[in-house]
Amino acid sequence: QVQLVESGGGLVQAGGSLRLSCSASGSIFSINAMGWYRQAPGKQREFVATITSGGSTNYADSVKGRFTISRDNAKTTVYLQMNSLKPEDTAVYYCNADIYITTRGSPLRYWGPGTQVTVSS
């Protein structure tokens with residue numbers, strides 16, 4: 001059984017900052033890429049950022065220069081530092097991870113339950 005749990009969401013004023021965390025636990029052999037998506041009310045879930053096991057990062061254009069994704073040394077926790085937040089960043093933020101649960105086969109993608117981020121104007 002594998003679980004991803006996010007934390008760090010909340011209410012912040014425009015221009016403020018929040019730091020999201022997501023930890024993976026359970027029967028994990030290794031973790032490949034980890035990332036963040038978000039879903040605003042009435043909209044589809046969209047990509048925010050991703051980081052590989054080697055540390056390479058990729059960002060959506062809408063968050064470049066404002067958000068930073070990182071991982072801990074054990075590579076089981078991913079962070080999203082969000083600065084200069086805007087009302088349009090309001091959404092439920094979901095983390096995901098591509099996890100090998102055995103030494104063979106392809107990784108499986110797991111998702112956390114999400115954490116609400118609300119940015120007031």
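This is a short tour of the structure above, stop by stop, with something to select at each one.

**Before you start**

The model is predicted, so local features are reported only at pLDDT of at least 70 and side-chain atom pairs only at pLDDT 80 or more, while totals for chains, interfaces and linings use all residues. Residues are numbered from 1 along each chain as its sequence is written, and side-chain values use heavy atoms, leaving out hydrogens and water.

**Stop 1: the whole chain**

Show the protein chain as a cartoon. You will find zero helices and eleven strands; here helices (H or I, at least four residues) and strands (E, at least two) are DSSP runs numbered from the N terminus. The radius of gyration is 14 Å, close to the 14 Å that the globule rule gives for 121 residues, so the chain is as compact as a globular protein of that length. That radius is taken over C-alpha atoms, and the rule is 2.2 Å times the number of residues to the power 0.38.

Now colour by burial. Buried residues make up 39% of the 121 residues, where buried means under 20% relative accessible area, exposed over 50%, and partly exposed in between (1.4 Å probe, protein chains only).

**Stop 2: the disulfide**

Select Cys 22 and Cys 95. Their sulfur atoms are 1.8 Å apart and form a disulfide (a pair of cysteine sulfur atoms within 2.5 Å). Cys 22 sits in strand S3 (residues 18-26) and Cys 95 in strand S9, so the pair ties together parts that are 73 residues apart in sequence. Both cysteines are buried, and a search of the whole structure finds one disulfide.

**Stop 3: the nonpolar core**

Next, select Trp 36, Leu 80, Met 82 and Tyr 93. Of the 30 residues in the largest nonpolar core, these touch the most other members. Such a core is a set of buried Ala, Val, Leu, Ile, Met, Phe, Trp, Tyr and Cys residues joined through side-chain atoms within 4.5 Å. Which strand gives the most to this core? Strand S9 does, with five residues.

Stay on Leu 80 and display its surroundings. Leaving aside neighbours within four places in sequence, Leu 80 is in contact (heavy atoms within 4.5 Å) with residues including Leu 18, Leu 20, Trp 36, Val 48, Phe 67, Ile 69 and Tyr 93.

**Stop 4: Asp 98**

Go back to S9 (residues 91-100) and pick Asp 98. Is this residue buried or exposed? Asp 98 counts as buried because its relative accessibility is 14%. Its side chain makes a polar contact with the side chain of Arg 109 at 2.8 Å. A polar contact is a pair of N or O atoms within 3.5 Å; within protein, one must be able to donate a hydrogen and the other to accept it, and residues adjacent in sequence count only if both atoms are side-chain atoms. Not counting residues up to four places away in sequence, Asp 98 also touches Ser 30, Ile 31, Asn 32, Ala 33, Pro 107 and Leu 108, among others.

**Stop 5: two loop residues with positive phi**

Most residues other than glycine have a negative phi. Select Lys 75, in the loop between S7 and S8: its phi is near 65 degrees, a positive value. Lys 75 is partly exposed, with a relative accessible area of 36%.

Finish at Ser 84, in the loop between S8 and S9. Ser 84 has a positive phi of about 50 degrees although it is not a glycine, and at 41% relative accessibility it counts as partly exposed.
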